Amino acid sequence: MDVQISNLKKYYNDKLVLDIDNLKIKKGIITGIVGPNGAGKSTLLNIIAGMDSDFEGTILYDGKSINKKIYKEMTIVFQKISLFRRSVYENIEYPLKIRGVSKWERRLKVENILKILDIFDLKDKKAHLLSGGESQKVSLGRALVFNPKLLLLDEPTSNIDVNSTIVMEREIVNHNKINNATVVIITHDFKQAKRLCDEIVWIERGKVGKVDGFF
């Protein structure tokens with residue numbers, strides 16, 4: 001899924017926080033969004049995710065305005081994790097249940113995600129009792145389990161252990177390559193951007209530009 005942003009303006013009260021004339025996020029690649037704190041990165045991601053409709057301008061997904069079908073084909077992983085006070089298995093299963101996937105297929109998909117994220121042994125544990133790295137893996141698993149065409153990530157590996165970061169980065173890349181999925185990731189870690197991203201967008205004071213020669 002490609003995302004075309006045109007003439008985007010976002011205000012908080014009377015303050016202009018995003019002012020983007022034109023930005024295209026290409027289908028099938030990993031795009032990184034970097035920039036200083038308060039630059040508008042998370043605001044932009046929330047708008048792309050359809051969580052904030054209070055803006056001027058247009059956003060098209062494969063040439064279409066957002067609709068129920070597009071919503072079902074994308075997801076966002078937040079820096080601040082919000083998991084249900086249920087088992088890890090139930091948390092990851094949830095997106096499949098609301099999409100009407102059969103029980104046996106749900107089981108296959110959830111167990112596969114649990115294995116590739118190295119959290120199969122946690123499947124019956126209550127999600128709210130997990131460590132930071134474990135919670136981030138569960139949140140990513142919940143996002144990946146239905147193979148979204150557009151995966152939006154807001155600092156998904158901040159403040160977690162190295163081993164969890166390695167596993168999560170591996171599966172983000174695998175999701176992109178195997179499913180030809182579009183991935184957008186906000187990161188403050190330039191080394192992570194270099195490892196993961198095909199293109200980098202710099203955002204500062206609400207304006208964006210592609211980063212040439214970043215690597």
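Reader: How many bridges join β5 to β6, and do they run parallel or antiparallel?
Author: There are 4 bridges between β5 and β6, and the two strands run parallel; strands count as paired if DSSP finds at least two bridges between them. The strand names come from DSSP runs (E, at least two residues; for helices H or I, at least four), numbered from the N terminus.

Reader: Before I go on, what kind of model is this?
Author: It is a predicted model, in which local features need pLDDT of at least 70 and side-chain atom pairs count only at pLDDT 80 or more, while totals for chains, interfaces and linings use all residues. Residues are numbered from 1 along each chain as its sequence is written, and side-chain values use heavy atoms, with hydrogens and water left out.

Reader: Ok, what stands opposite Thr-75 in β6?
Author: Leu-151 of β6 is opposite Thr-75, which itself belongs to strand β5, residues 74–77.

Reader: And is Thr-75 buried or exposed?
Author: Thr-75 has a relative accessible area of 18% and is therefore buried, given that buried means under 20%, exposed over 50% and partly exposed in between, with a 1.4 Å probe and protein chains only. Among the residues Thr-75 touches, leaving out those up to four places away in sequence, are Ala-143, Phe-146 and Pro-148, where contact means heavy atoms within 4.5 Å.

Reader: Which way do the residues of β5 point?
Author: Met-74 and Ile-76 point one way, Thr-75 and Val-77 point the other way, and all are buried. In a regular strand, side chains alternate between the two faces of the sheet.

Reader: Which strands does β7 pair with?
Author: Strand β6, residues 150–154, pairs with β7 in the parallel sense over 5 bridges, and Leu-150 is opposite Thr-182 there. Strand β3, residues 30–34, is joined to β7 by 4 bridges and also runs parallel to it, with Ile-33 having Ile-186 as its bridge partner.

Reader: Switching topic, what is the order of the open sheet of 3 strands?
Author: The order is β2-β1-β4, and the pairing is antiparallel. Because β2 (15–25) and β4 (56–61) are at the edges and each has a single partner strand, one side of each is left without a neighbour in the sheet. The twist from one strand to the next averages 20 degrees.

Reader: Which helix packs on that sheet?
Author: Helix α1, residues 41–48, touches β1, β2 and β4, and its direction makes about 120 degrees with that of β1; such angles run from 0 to 180 degrees between N-to-C directions, with axes fitted to C-alpha atoms, for helices over the stretch in contact.

Reader: Why is α1 called largely enclosed?
Author: Helix α1 has 6 of its 8 residues buried, so the rest of the structure largely encloses it. Leu-44, Leu-45 and Ile-47 are among the buried ones, and the helix is followed by Gly-50, with a positive phi near 80 degrees.

Reader: Last one, at what angle do α3 and α4 pack?
Author: Helix α3 (residues 88–98) and helix α4 (residues 103–116) pack at about 130 degrees, with their axes 10 Å apart. That angle makes α3 oblique to α4, since under 35 degrees counts as roughly parallel, over 145 as roughly antiparallel, 65 to 115 as roughly perpendicular and the rest as oblique. Residues of this contact include Val-88 and Tyr-89 of α3 and Arg-106 and Val-110 of α4.
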